[in-house]
Every structure is written in structure tokens, then in C-alpha cells.
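Colleague: I have the sequence and the coordinates open on my screen. Could you walk me through them?

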Number of protein chains: 4
Amino acid sequence: MGSTAQPRRGDTRQRIQDVALELFAEQGYEKTSLREIAEHLDVTKAALYYHFKTKEDIVVSLFHDLARPIDDLIVWGETQPRTLEVKKELLRRYSDALGAAAPLFRFMQENQATMRDLSVGETFKGRMLRLMELLNKPDGSMSDRVRCFTAIFTMHAGMLALTDVEGDPEEKREAILGVAIDLLVQAHGVTQ
Amino acid sequence: MGSTAQPRRGDTRQRIQDVALELFAEQGYEKTSLREIAEHLDVTKAALYYHFKTKEDIVVSLFHDLARPIDDLIVWGETQPRTLEVKKELLRRYSDALGAAAPLFRFMQENQATMRDLSVGETFKGRMLRLMELLNKPDGSMSDRVRCFTAIFTMHAGMLALTDVEGDPEEKREAILGVAIDLLVQAHGVTQ
Amino acid sequence: MGSTAQPRRGDTRQRIQDVALELFAEQGYEKTSLREIAEHLDVTKAALYYHFKTKEDIVVSLFHDLARPIDDLIVWGETQPRTLEVKKELLRRYSDALGAAAPLFRFMQENQATMRDLSVGETFKGRMLRLMELLNKPDGSMSDRVRCFTAIFTMHAGMLALTDVEGDPEEKREAILGVAIDLLVQAHGVTQ
Amino acid sequence: MGSTAQPRRGDTRQRIQDVALELFAEQGYEKTSLREIAEHLDVTKAALYYHFKTKEDIVVSLFHDLARPIDDLIVWGETQPRTLEVKKELLRRYSDALGAAAPLFRFMQENQATMRDLSVGETFKGRMLRLMELLNKPDGSMSDRVRCFTAIFTMHAGMLALTDVEGDPEEKREAILGVAIDLLVQAHGVTQ
DNA sequence: CATGAATGAGCCTTCATTCAT
DNA sequence: CATGAATGAAGGCTCATTCAT
């Protein structure tokens, strides 16, 4: 029923975002031209400009739509007491958020140089710093502080490596979360 | 000793590499044009082509000249027994190597998408995998394997974060190395 | 009298003309996009196409509606004897007409290159030539003929300069008209 | 000898200016694309960019190279006493300058809207005002002031009309200059 | 060693216009 | 009356690269 590539109306904006994110992550932001995106969608370049004001605007919209959970997470974190239990919960939730926003994160990871002058990049970096601040143990030793931020970077690196290393994805994610929590505990722990 | 005293006439090639690496790391490979590099050096674009066949060739040369220590490290590692002590030494040496090749690493970190089709990128990725293999505990639990590769990523992330976080650089580097070794030990250790 | 009282519903067409003329005069025809006009009116581009078949059509309609008095003036002139008195009256009436159609004239003045291939432009240029012919003293010396057409150009230039030069607008207009008539008289006069 | 469209080297910049000025004047600045200019010269668009940084830059260079005499004229005028004789000489020299820079002036005349945001446009307008100031009779009546600036505009309009009106060009130019001087004299005159 | 001049491909963006709803 | 969605053409500009000198 209507299977000859109907011009599915109404969801174009969404489809642009999907394709763009995929290509940006796969080939890099600069190397992905709007022509390429348009061809993947079988529309003209001009059509993209009906939905987004600029190329950068596509990225902005992606953050707008996909980075929300992480924002929420940080906001939540900032209302909580700075106990170890809360921090562990933060990591757990962050792991979930990362899973959901995986493609966006891959995009960021692979386009760090680009992110820097993408405006939304700086915004996001700020958020990351706040998140780290939440996990940090301000009066801890340098080693402890390193452990805290490593807890987060472990998870980021995990995202990347998930693809390259053998093993069941879900199992890997849990292992990664486990290690991250472990680092956090060590940073805060007295016993052990 | 270390005084091979290259003929001083014509250090242009070297200068091109320096400027290129700096700009590539700072602004990204794609966003840095040969014109820009040439202007920084006060020569013409055509001059660059006297020294390097293509833009990519500049990157290749950078790896050639700067990634050597890491290559050597891996070669060394592969001739050693897979003991914990050797692995610890690997991390130590890797930390040194990272310090020396910091700009190159920053460049890679920030241009991951680009790296993928830069030929030399794949080459390098292969080396990383071999390095990880060297550190790995093949029969270990998933968590232990995660700890092993996290040991390395911690150091990479450290590079990045060194700038953003307060504290004495050298002290930070040692703390990072310490945490990395710790992770390695935990992955292998029973009594820890 | 003059109260044909157009149905008030739907003055959009009029508003389009107003905004278009203003923007065309201010920024130039080519540099004013339909998008811009539409935005000023808070309607969509497509709406413009309901009222006007093309961008050029807007200009045509502007001439249709605003250049009429000048047309009438020329028609009137061509039925009159070629006396000096009539010519003076022509200038007077032209001065009035210019005042009324000022924005249109500014638009023409500032978009002369564009006018040339705007069809309506040629039409209008023809009218100007007829007007000049009416003022001309065919058997006069070259100087006299120059004076005749200068009489007109003085008034055009006046429009332009009115804004840049200090002084009461109405007073300036009268002075300009005075000089123009003077030129005309000199061209025709012996005893002057 | 060498008649098969040799790639005449060295004069490209000049040729670009020539063609550009001609096309800009003939069709308007906005409607003349760089592609068109390049095609007229049988080079690529990119070649234009080797010689000029932007499209606007071509215009700037044209003013730089062609408007110089007028600049000099004004500078000269500002060192002279404000006598009627000097003012007449100013007009005479201005007439010559206009003749030499005719295409440039035609370009300006036909692209006034464009001139406004072409940076060099404002610069030039400033010069015009200084020139008018030189000719002006500050304490004169409004009519006299109008005569002064009309003297100049007459000459500008003359340029334009030279093409449309029959008659020997040189004769026309002299007639125009005559009328302009006449206006000036009348503005300053005692008798009459 | 290095430059001056040029190219071809491609990029992001804008525009006037169309048409089904 | 008017909009939402899209198109095709074109525009200005930049880039990596080449080559004769």
C-alpha cells in the first residue's frame, strides 16, 4: 500500500536529524556535506534549509532534542546532597543517559575539534564540568580527584570501545558502570 | 650524543610540521587550510608542496616522526613476558611517551573522525589495539578487561583534562599514572 | 469625491506594495528578497504570490498605481501649445508629481541598472524622453538644450539631495523649482 | 604571431577590472555574477579570487585606481582660496575628471542602492560632499545654494544623457560645462 | 627552494517560484 | 486567502592541487 517511496510528509525534519547525526558521527561534521545528507533523504539541499537555518543549526537541534536527559540529570544532581550514594546513582543514571544518547556522544567524541566553535559545544562542555563537580571529592587527594573524573571518562571511552571489543553489549555496559562506580568508591572510601 | 647536527640550512620542513601540528590540533584538520599554514610561516602554499606531496602527507610525516617512541614501546612490550611488572612498566613508559608526543595525541583526540580515513589513522589504531592486548588479562572477567583498557583511556583523557583542571601538571600526570597502574593491578590482583 | 471606499477587508495587496516600495528604495531591488518583504508583513512568501504573479509584477503594479499622475501630466502637455508659459506650468506640475511619487522616484534613482530590464523601466524612460521633448527648444543652441534637460534633472537630483542638505524641505523644493524654471527661461529667453 | 588566444600573462588583474567595470555598469553590480566575468575573460571563477579577495574588493580596486584624479582635485581645491575663479576652475577640472572616469561614474549612477553598503560608497559620498562644500556659497540664498549643487549634478546627469541625446559628444560636454559654470556664476553673481 | 598564477571541484547558502491543501 | 513544503538554479567563496619559471 503506497510502497513506491511516497514523499512521507511531516516527518522530514526528523529524518534530516537522523541522517545528519548518523553521517556526522560516521564521517565527521566537516566532511559531511549538506548535499550528501540531502541525497540520502532524496530531497534537495534547499529542502534542508526549509527546516534548518544553517548546517550548524542541525547540530544545535540535535543537542536540543537529545541532550535533554543529561541536562535533567545534572539539574537533579544539583538538588541532591553530595553523598556517595547519590553519586553512585548519578553514575547509574548517566550510564542510562549515555546509552540513550549514544549516537550524539559518538558524534561529539569524534568531532571534538569541531565542537569547540560550534557554540553548543561550549555549552555542553560547561555541563560536563558541572557533572564532574558533582562527582568530585573536593578535599580529596589529587589521586582521588583523578579517580572521580576517570569514572566519567571511563564511561565515555566505553561507548567508543563497545564496538571494537568483543562481548555482549549489555554485559559490557554493566561492567563499565561497575568499574566507574568502583573508582568513585575508591576515591571516597576509607575502608578498602 | 644526540647531536647529529642536521644541516641548519632549510629547516622549513620542520617548521611546517610544527605549525601544521599546532593548527591541526587547535582548529581541526579539515578546518586548517594549507593557506593558513603557509601564512603562519610566511611562505606560499606552493612552498608546502615542495616539502610534502599532499596535505595528508604532512600528517603522515608527523606520525612518522613523533609516534616512533610508541611504536618502539610496543615492539619492546611484545618481546617481554606478560607479567604484571612488565605491564606496569609499559604504563610508565607510555605515560612518558604521551608526555613527549602530547600535541600529536591532542591532534588525534580532537580529530577522530578525520583519523579514520587518513590511512595512518588505521595504522595507529592497530597499534593501540596491540598495546591494549599487551595489557589485557585475556582470561579475566569482563570487569577486569574493562579495567585494563580503562587504564589506557584514563591516560588519554588525562591529557585532555590536564588543561581544564587546576593543579600542577607534573603532579597531575603522576596521579593519573598512579590511578592507571592501580586499575591494572586491580585487574590482575587478588590480594590487590 | 475620491471616496471610492475600497472594501476594507483585505488590504494586503496595498500593504505589500507599501513595504516593497520602501524596501526596494532603501536596499535596492535585487537585494530585497520576497522573504524579507513577507517577514515585514508577517505573512508567508506564498501569500505574496496570491497577490502578485512575480516579483517584477510588484514593481509593475507600483508604476501602474503611482506613476499615473506623471502619465497624465505628459498627456496634458502634449495637448497644449508649446509656449514658455505652458512649459513653466509643466515644471510646476512635475514638481508636485515628484513630491507625491517621491518614494517611487527614489526607487528608480537608486535602481537604474535594474530598471533597464524591468520592461516597465523602458516604458518609463520613454515617457521621460517625451517630457523632455515637451520642454525642449528644438531649434535652440546646444547650451539651451542642455538647460532644458538640466531643468528636469535638477529636480530629480533635488529629491535625492533633499535629505542630505540642511534646510526646510518645502523651502528647498520651491528653490529647486525656481532654479529649474530659471534654466528653462534662460533657454528660451532673449531679453530674459 | 601567437594569435591563438595566448594566455596573456601579467595583465589579468587589469583585464578583470576592465570587464568587471563594464559589466557592473551595464547590467548592475548584483546582476553581474563572478561566473559571468570569468567567462568573459576565459578564466575560472577561482582565478578572480587569486587577484581579488572578494567581489566587493574588485569595486574597491576600481575606485582606488580610477577615482584618484577626483581625490586629487578635491585636495587641490581645499588648498585654494574660495574665489569664483577657483570654483570655475574646479568645475572645468571636474569635467575633465568625469570624462576620464566616465565608466566608473556610470557604474555609480546606475548602482546607487548598491553603493550604499559598499563601504567605498560612503567614502566617495563624503568626497562629493566636500566638493560641493567647495563650490557652495555658504551665505547665499537657498536658491543660490541649489544652483551650486545643481552645477555638479548637471554634469553627472550629463554623463548619463550624453548617450541618449543626439549631438557631438565633445560639443555636448562643453555645453554642459558651460551651463554648470553659468549656474555657478549666477549663484555668485552681483549684476543680474 | 620557492613563487605566481591558475584550476576544478565542491561547499554553504539564498532566491524566486510552484503547488497541494 | 493563505500556508507548508519543496525545488532548481545560481551565487560567492574556499580548498587542495598543479606547473612553468
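Modeller: Happy to; what follows is a set of questions and answers on this predicted model.

Colleague: Let's start with one chain. How many helices and strands are there in chain A?

Modeller: Read along the sequence, chain A follows the pattern α-α-α-α-α-α-α-α-α-α-α. Its C-alpha trace spans about 65 × 35 × 30 Å along the principal axes. The count for chain A is 11 helices and zero strands.

Colleague: What share of the residues of chain A count as buried?

Modeller: The cut-off here is a relative accessible area under 20%. Chain A has 192 residues, and the share of them that counts as buried is 48%.

Colleague: Which percentage of the contacts in chain A join residues at least 24 apart?

Modeller: A contact needs heavy atoms within 4.5 Å. Taking the contacts in chain A between residues at least 6 apart in sequence, the part that joins residues at least 24 apart is 67%.

Colleague: Now the copies. What relation does the turn of chain A onto chain B describe?

Modeller: In general, two copies of a chain are related by a rotation about an axis and a shift along it. Here chain A can be laid on chain B by a turn of 180 degrees and a shift of 0.1 Å along the axis, with an RMSD of 0.1 Å. That is therefore the relation of a two-fold axis.

Colleague: Which residue of chain A comes closest to that rotation axis?

Modeller: The same surface serves both copies, with 100% of the contact residues of chain A recurring in chain B. Going by C-alpha, the residue of chain A closest to the axis, at 3.0 Å, is Asn111(A).

Colleague: And for chain C on chain D, which C-alpha of chain C is nearest the axis?

Modeller: Chain C can be laid on chain D by a turn of 180 degrees and a shift of 0.1 Å along the axis, with an RMSD of 0.1 Å. The C-alpha of chain C nearest that axis is 3.0 Å from it and belongs to Asn111(C).

Colleague: Which residues have the most contacts inside the largest nonpolar core?

Modeller: Nonpolar side chains tend to be buried together in soluble globular proteins. The largest nonpolar core has 120 residues. Phe107(C) touches residues including Leu21(C), Phe24(C), Val59(C) and Met115(C). The residues with the most contacts inside this core are Phe107(C) and Phe107(D).

Colleague: At what angle do H1(D) and H7(D) pack?

Modeller: Leu21(D), Phe24(D), Ala25(D) and Glu26(D) in H1(D) meet residues of H7(D), among them Pro103(D), Leu104(D) and Phe107(D). H1(D) passes H7(D) in a left-handed crossing. The axes are 8 Å apart, and the angle is about 35 degrees.

Colleague: Is Thr154(C) buried or exposed?

Modeller: Thr154(C) is found in helix H10 of chain C. Leaving out residues up to four places away in sequence, Thr154(C) touches Ile176(C), Leu183(C) and Thr150(D). Its relative accessibility is 2%, so Thr154(C) counts as buried.

Colleague: One last one: how far apart in space are Gly121(C) and Glu89(C)?

Modeller: Gly121(C) lies in helix H9 of chain C. Its relative accessible area is 8%, so Gly121(C) is buried. In sequence, Gly121(C) and Glu89(C) are 32 residues apart, while in space, C-alpha to C-alpha, they are separated by 26 Å.

Note on methods: Residues are numbered from 1 along each chain as its sequence is written. Chains are lettered from A and ligands numbered from 1 in the order in which they are written. This is a predicted model: local features need pLDDT of at least 70, side-chain atom pairs count only at pLDDT 80 or more; totals for chains, interfaces and linings use all residues. Side-chain values use heavy atoms; hydrogens and water are left out. Axes are lines fitted to C-alpha atoms, for helices over the stretch in contact, and angles run from 0 to 180 degrees between N-to-C directions. Helices (H or I, at least four residues) and strands (E, at least two) are DSSP runs, numbered from the N terminus. A crossing is left-handed if the near helix is turned anticlockwise from the far one by less than a right angle, and right-handed if clockwise. Buried means under 20% relative accessible area, exposed over 50%, partly exposed in between (1.4 Å probe, protein chains only). Copies are superposed by least squares on the C-alpha atoms of residues with pLDDT of at least 70 in both. A nonpolar core is a set of buried Ala, Val, Leu, Ile, Met, Phe, Trp, Tyr and Cys residues joined through side-chain atoms within 4.5 Å.
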